[in-house]
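Have a look at the structure, and try each task before reading on.

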Amino acid sequence: MTQTLTFLGAARTVTGSKYLVESGTDRVLVDCGMFQGLKELRERNWQALPVDPKTINAVVLTHAHIDHTGYLPRLVKQGFRGRVFCTPGTADLCRIMLPDAGRLAEEDAREANRGGYTKHAPALPLFTEEDAMHALTLLQPVGYDRPVPASGDIGITFTDAGHLLGSSFVHMTVGGDSGRQILFSGDLGRYDRPVLPDPSRVETTDVLLIETTYGDRLHEQDDAGERLAEIITATIAGGGKVIIPAFAVGRVEEVIYWLKKLEAARRIPIVPVYLDSPMAVEALRHYANHSRDLDPDMQTGRGQMSAFTTQRFTAVSSVVQSRQIQASPAPCIVISASGMATGGRVLHYLSAALPNPRHTVLFVGYQAAGTRGRQLLEGAKTVKIHGDLVPVGARIERIDSMSAHADQNEIMRWLGGFTRPPTITYLVHGEPAAQEALGARIQKELGWTTDVPEYGEQVTL
Ligand SMILES: [Zn+2]
């Protein structure tokens, strides 16, 4: 029986994760991510898949981030009717993230049509909130460490990846218990970080897919919040605001954890902290509910929710309140999505704050090529927001230590847990420079065979 693996996304780029495994007539898609960033990539979201979605038997999600799940509503719209396996934490987060992404896509399309700054007439959303709700009905939550059949002779087991609530490695067997083993790393978390546990150790697999987002980088040493404290203190002292674009699910929890910690140690002034993202507020609730899946440190305190709030904390609940904060001259800290400033409410804060040198925009996550976040970090003098050119006068900062992705050393540490080398290691979910650097290090230090697959490439298992 022919067994193949096809790379339908996150090949030489960091978004659009989709890997199709076929064994005879069984077809399982691991991750169902949306392409983001460069226009050339985003256009792939509109192109037909090489297989008819109706013929895919099951989808397996490593975690809830949109670059791993955001294509699911479209897949369902095109006729996919199988089950979508994921952990309970991932299911909970998908239930808030996918409808939100649909709503956002509808809003963006509406705004583009109103502002007349679309090349497509009319602009259409990739999927709607309703499409997302429909997709959610197919979710099939499965706990960690429980083997389940996905389709025919393809079985899966999730183990904790330490990257996000519910995040997992997918251990797949193709061709029954004695068949080929494939391990999908999804996104690899980090060691010794607050909020989430360390990535679990994996000892063997035949075929490994490893993410390489930070394959050529080392995160700055954890400085116990030193730079965060410095940036906040200086900006507030100068009468400015600190705007933190953050992935609503994943980064927000760690940002708030640090703000609380720095406030308690009197290392930053106590100012209003606004969380302007209904989705992030919902996600915090899920983190509190799944505290058993969090870092052991987070499980001991009483009232888990208290770990995720500061002294003058406000969850912004209305657009009117958003506008008041944007217009107010009072120093404050604002956390809002999206994390790469590609959409969402943070754009309104950026429009208002970017021209003024008093304010600071602080990025705490990866900024993909082609995003406004990347442009700002690369020193853009102006950025286009909602069709307007906005001059950049504000201080632009980045803190990498809060990243949810393992850096090169952490990837090597995790690979060091293997007791025998995989037959082949595919480097995925990274830009080419990162993959080249990591591949060279893996070959040199471990002597493993690595490969960097291309978009659309199919290999025999
Ligand atoms: Zn992720």
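Predicted model: local features only at pLDDT ≥ 70, side-chain atom pairs only at ≥ 80, totals over all residues.

Residues are numbered from 1 along each chain as its sequence is written, and side-chain values use heavy atoms, leaving out hydrogens and water.

**Exercise 1.** Find which strands stand at the edges of the open six-stranded sheet.

*Solution.* Start with the strand order, 14-13-15-12-16-19, with parallel pairing. Strands are DSSP runs of E with at least two residues, numbered from the N terminus, and two of them pair if DSSP finds at least two bridges between them. Strand 14 (313–315) and strand 19 (395–398) each have a single partner strand, so one side of each is left without a neighbour in the sheet. Next, look at strand 19: strand 16 (residues 360–363) pairs with it over four bridges, and Leu 362 has Glu 397 as its bridge partner there.

**Exercise 2.** Describe the ring pair of Phe 7 and Tyr 19, and decide whether each residue is buried or exposed.

*Solution.* Rings of Phe, Tyr and Trp (its six-membered ring) pair if their centres lie within 6.5 Å; planes under 30 degrees apart count as stacked, over 60 as edge-to-face and the rest as tilted. Here the centres are 6.0 Å apart with 80° between the planes, hence edge-to-face. For burial, the classes are buried (under 20% relative accessible area), exposed (over 50%) and partly exposed in between, with a 1.4 Å probe and protein chains only. Phe 7 has 0% and is buried; Tyr 19, at 5%, is buried too.
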